[in-house]
Amino acid sequence: MRRRLAILATTAVLVSLALPGSVGAAGTQVVSAKVIGTHGTLLVATSNDMTVYTFDKDVAGSGLSNCSGGCLTNWPALTVAAGDTPIGGPGVTGTLGTITRADNGALQATYNGLPLYFFAKDTAPGDTNGIYPGWRAVVLAAAATPSPATPSPAAPSPAAPSVTPPPTSTVAVGSGSAPSGDPLRAALFGAFGALGFLLTIRRVRSVRS
């Protein structure tokens, strides 16, 4: 009987030791991936779909945040409840964790060892006003590069209309000879020539007489 009680007591102790680990294994989705314009796929907070950022002055894995006071007013920390284990949604491949802030004891979520922050002037999901000198969004995947459009073939230029040159005369102007190729003109030219010849003879006769 005593042996059975000892076995039951030992089992109860082991179960009690295992329970905290089982509870701690359950995680809370804190961040997810979201495509935001030309920035690509960024890390956003699951609670409100707002973009989250990292601070260049923070050191990954140090367990510290270098943003406090007025900085923290402009860049509020992404925090989780005590005992929560942050996890990411589909597309979030980095390592999530937490640090305990030295200024207020809050549990701040981290991504690949860097504390995560919001930006106070982001007012709607998809805003990225916090991409600023010293601050950057967490890019999970670059934006897809659009394929260049294939130019359409240029329309052929219309052919210039053919122009028939005007006929040219082979007879020099004022040469006194009848133009070739026109019988009527040749006849008239001959008649005028004969008339002029007759008038010339009459003048000569009148002078002699």
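What is the mean pLDDT of the protein chain, and what share of its residues reach 70 or more? The mean is 79, and 62% of the residues reach 70 or more; pLDDT is the predictor's confidence in each residue, from 0 to 100.

This is a predicted model, in which local features need pLDDT of at least 70, side-chain atom pairs count only at pLDDT 80 or more, and totals for chains, interfaces and linings use all residues. Residues are numbered from 1 along each chain as its sequence is written, and side-chain values use heavy atoms, leaving out hydrogens and water.

Two stretches deserve a word of caution. Contact here means heavy atoms within 4.5 Å.

| Stretch | pLDDT | Contacts beyond near neighbours in sequence |
|---|---|---|
| Residues 10–25 | below 50 | 1 contact |
| Residues 169–179 | below 50 | 8 contacts |

Where pLDDT is low, the predicted coordinates should not be read in detail.

Now to Asp58, found in the loop between strand E3 (53–55) and helix H2 (70–74); helices (H or I, at least four residues) and strands (E, at least two) are DSSP runs, numbered from the N terminus. Asp58 is buried, meaning under 20% relative accessible area (1.4 Å probe, protein chains only).

Conventions: Buried < 20%, exposed > 50% of the residue type's maximum accessible area, 1.4 Å probe, protein only. Lys, Arg positive; Asp, Glu negative; His and termini not counted. Salt bridge = Lys/Arg side-chain N within 4 Å of Asp/Glu carboxyl O.
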